[in-house]
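Subject: Structure for you to look at

Hello,

Here is the structure I said I would pass on. Please open it next to this message and follow along, as my notes come after it.

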Amino acid sequence: MQLELFETADAVKEARSGTFTDNMKLPLHRWFRYSAGFSAEWVESVLIEENRRSDFFVLDPFAGSGTSLLAAEHVGVKSCGFEGHPFVARIADAKLSWHEVDLQEFMNSVKRMVKNAGAKKYSVIDSVPPLLLRCYSEDAIVKLFSLKEEFKINDEDSPVDRLLWLTITSILRECSYAGTAQWQYVLPNKRKSRVADPINAFVSRAKQICLDVEFARKEFMPLARVMQHDARFPSDIQDNSVDLVITSPPYPNNFDYADATRLEMTFWGDIRGWGDLHKKVRSHIIRSCSQHASGDKIDLHVNLN
């Protein structure tokens, strides 16, 4: 009976290997929900089974928000990931900054930003992109943009700054009254019943990040790196150095990887509207959505010579 229970548990874990939902209870992984991700626990189980040497090396050519990279760090395996989506690559890079960040400096910055954001009233409504006006109350917009401006004043792309950026990015959905479809597309015409206050959500997420970093420093090893890179082209990975490839590749379906982060990219000013996604994102990834592949004349057989 006990053996059957273990077999059932393993079967359930394998069956859920394609979902990111379970990751939202795991330290570091839960900092940002990326629906194109997959199960970190499943990745760890594969690595534990396959790892045979101290120099075992794993590659994820479609790293997304860093699921496989963080899983590798948790089991002490060296890894590298490529991610073509610039915004998502930045999210993964911020997650992997856990071992570099000074937590005291991080929380001091959080307190400073909250204090200054409350003292200043930025006049932003007139310049806010239409999408944001359809997704946030005026009060939420003022608070979120105040936090953004306070962040930008001191941003030097340090480990602390990377996590501050991610802290703001990670609360944008919960502070919006707009609904979200299964694959993270925003639904402005669908209203949520519960919406978080931006300042409270920012402080709460910062505290969660501190707890997760403290946990990671006991349980993880800083052995991963991520590059914004197109997997079809050569990289600095040496030939015959990869022992295992674990990834969740872009599928020939109607999931628009570019549109999935449109709300966040619009907030940060990376894009102004939906049309900007083509230049900012789709030109960097193999396939954004099968509906776009034909029109973009994407060549999946790139000559690398």
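**Notes on the model**

Leu28 is found in the loop between α1 (2-15) and α2. Helices here are DSSP runs of H or I with at least four residues, strands are DSSP runs of E with at least two, and both are numbered from the N terminus. At 0% relative accessibility, Leu28 counts as buried. Buried means under 20% relative accessible area, exposed means over 50%, and partly exposed is in between, with a 1.4 Å probe and protein chains only. Leu28 is not a glycine, yet its phi is positive, at about 70 degrees.

This is a predicted model, in which local features need pLDDT of at least 70 and side-chain atom pairs count only at pLDDT 80 or more, while totals for chains, interfaces and linings use all residues. Residues are numbered from 1 along each chain as its sequence is written, and side-chain values use heavy atoms, with hydrogens and water left out.

**The whole chain**

The chain has twelve helices and six strands. It has 305 residues, and 50% of them count as buried. The chain exposes about 15,500 Å², of which carbon and sulfur atoms supply 50%; accessible areas come from the Shrake-Rupley method with a 1.4 Å probe, and for residues only the protein chains shown count as cover. Among contacts (heavy atoms within 4.5 Å) between residues at least 6 apart in sequence, 71% join residues at least 24 apart.

**The sheet**

In what order do the strands of the open four-stranded sheet run? The order is β5-β2-β1-β6, and the pairing is parallel. Two strands pair if DSSP finds at least two bridges between them. β5 and β6 are the edge strands, since each pairs on one side only. Strand β1 (residues 57-60) is joined to strand β2 (residues 78-83) by four bridges in the parallel sense.

β1 is covered on both faces. Phe57 and Leu59 lie on one side, Val58 and Asp60 lie on the other, and all are buried.

**Helix α3**

After α3 comes Gly76, with a positive phi near 75 degrees.

**Residues in loops**

Ser97 sits in the loop between α4 (86-95) and α5 (103-119). Its relative accessibility is 1%, so Ser97 counts as buried. Leaving out residues up to four places away in sequence, Ser97 touches Pro159 and Arg162. The side chains of Ser97 and Arg162 are also joined by a polar contact of 2.9 Å. A polar contact is a pair of N or O atoms within 3.5 Å; within protein, one must be able to donate a hydrogen and the other to accept it, and residues adjacent in sequence count only if both atoms are side-chain atoms.

The loop between β5 (224-228) and β6 (244-245) holds Asp230. Asp230 is buried, with a relative accessible area of 14%. Its side chain makes a polar contact of 2.8 Å with the side chain of Arg232. Asp230 also touches His284 and Ile286, not counting residues up to four places away in sequence.

Ser248 lies in the loop between β6 and α10 (262-268). This residue is buried, with a relative accessible area of 16%. Ser248 and Pro61 are 187 residues apart in sequence, while their C-alpha atoms are 8.6 Å apart in space. Setting aside neighbours within four places in sequence, Ser248 is in contact with Ala36, Phe38, Asp60 and Phe62.

Regards
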